[in-house]
Amino acid sequence: MNEQHTDEEHKHDDNGASHEQEDVQVQEETADSTSAFTESSEDARLDELAKQADENHQRFLRVQADFDNFRRRTLKEKEELGQYASMKLIGQLLPVVDNFGRAIEAAKSGGDVESFAKGVDMIFRQLEQVLEQEGLKAMETVGVPFNPDIHQAIMQVESEEHEEGIVVEEVQKGYMLKDKVLRPAMVKVSG
């Protein structure tokens, strides 16, 4: 019976060892398949990331090209705007030029001096209207305190009717274009 028991133990030990070998072999196969699955999964993930990176790069290049086109187009529009900015004003001044031409022709034909003077005065008022519509305004200077931002003093004079620092006389008109000084007025200031 001892021998039988030993043989059974031996068979059991042999079976245990073969089961252990099978378990190790199954674990190795599982690890290999898991490893292969993980590698193919990583490869797929890397391929996906590479594809996304390429798409993002292509999108970046398109946006950069669009921006370059936009920049070129706006520079061209800005140049054209600067070149033709005075077009509206010139169009408004053409009737004034036409009227001056008519006045000169009337003067050459020996017309009446008084009617010529009236015509020129009307043309001058027409010109002032056009300029006022564009925001040009003549400065009122006589009798106001001297302001170096809008006045250019060319002389200081003694005045009994004005106190010191008051504009007494305007030598050349000053003009404002909307809110900016276009040309300061040349004035004489009381001293």
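Guide: What follows takes helices, sheets and a pocket in turn. Keep in mind that this is a predicted model.

Visitor: What makes helices H2 and H3 roughly antiparallel?

Guide: Look at their axes. H2 covers residues 87–108, and its axis and that of H3 come within 10 Å and cross at roughly 175 degrees. Angles over 145 degrees count as roughly antiparallel. So H2 is roughly antiparallel to H3.

Visitor: How do you know that H2 and H3 meet?

Guide: Contact means heavy atoms within 4.5 Å. Residues in H2 that meet H3 include Leu89, Leu93, Val96, Phe100 and Ala103. On the H3 side, Phe116, Ile123, Leu127, Val130 and Leu131 are among them. By class, this contact of H2 with H3 has 12 nonpolar, 4 polar and no charged residues.

Visitor: Why are S2 and S3 called edge strands?

Guide: Start with the order. Three strands form an open sheet, S2-S6-S3, with mixed pairing. S2 (151–157) and S3 (167–172) each have a single partner strand, so one side of each is left without a neighbour in the sheet. That puts both at the edges. From one strand to the next, the twist averages 30 degrees.

Visitor: How do you know that S3 pairs with S6?

Guide: Two strands pair if there are at least two bridges between them. S3 and S6 (residues 185–190) are joined by 4 bridges, and they run antiparallel. That count meets the cut-off, so the two strands pair. As one example, Gln172 has Met186 in S6 as its bridge partner.

Visitor: What order does the antiparallel sheet have?

Guide: S1-S4-S5, an open sheet of 3 strands. Here S1 and S5 are the edge strands, as each pairs on one side only. Neighbouring strands of this sheet are turned by 35 degrees against each other on average, direction ignored.

Visitor: What makes S4 and S5 a pair?

Guide: Bridges again. There are 3 between S4 (residues 175–177) and S5 (residues 180–183), which run antiparallel. At least two are needed, so S4 and S5 pair. In S5, Val181 is the bridge partner of Met176, and Arg183 is that of Tyr175. The hairpin of these strands has 2 residues between them, and Lys178 takes a positive phi near 60 degrees.

Visitor: Which residues line the largest pocket?

Guide: The lining consists of Phe124, Leu127, Glu128, Leu131, Glu132, Leu136, Lys137, Ala138 and Tyr175. The volume of this pocket is about 180 Å³.

Visitor: Why does Phe124 count as part of the lining?

Guide: A lining residue has an atom within 4 Å of a pocket point. Phe124 is listed in the lining, so it passes that test.

Visitor: Which element gives the most to the lining?

Guide: H3, with 5 residues. H3 (113–133) and S1 (136–138) each supply at least two. By class, the lining has 6 nonpolar, no polar and 3 charged residues.

Notes. Residues are numbered from 1 along each chain as its sequence is written. This is a predicted model: local features need pLDDT of at least 70, side-chain atom pairs count only at pLDDT 80 or more; totals for chains, interfaces and linings use all residues. Side-chain values use heavy atoms; hydrogens and water are left out. On a 1 Å grid over the protein atoms alone, a cavity is a set of points where a 1.4 Å probe fits but cannot get out, and a pocket is an open set with protein on both sides within 12 Å along at least five of seven lines; lining residues have an atom within 4 Å of a point. Grid points are joined across faces, edges and corners, and a volume is the space filled by probe spheres set on the points. Ala, Val, Leu, Ile, Met, Phe, Trp, Tyr, Cys and Pro count as nonpolar, Asp, Glu, Lys and Arg as charged, and the others, Gly among them, as polar. Axes are lines fitted to C-alpha atoms, for helices over the stretch in contact, and angles run from 0 to 180 degrees between N-to-C directions. Angles under 35 degrees count as roughly parallel, over 145 as roughly antiparallel, 65 to 115 as roughly perpendicular and the rest as oblique.
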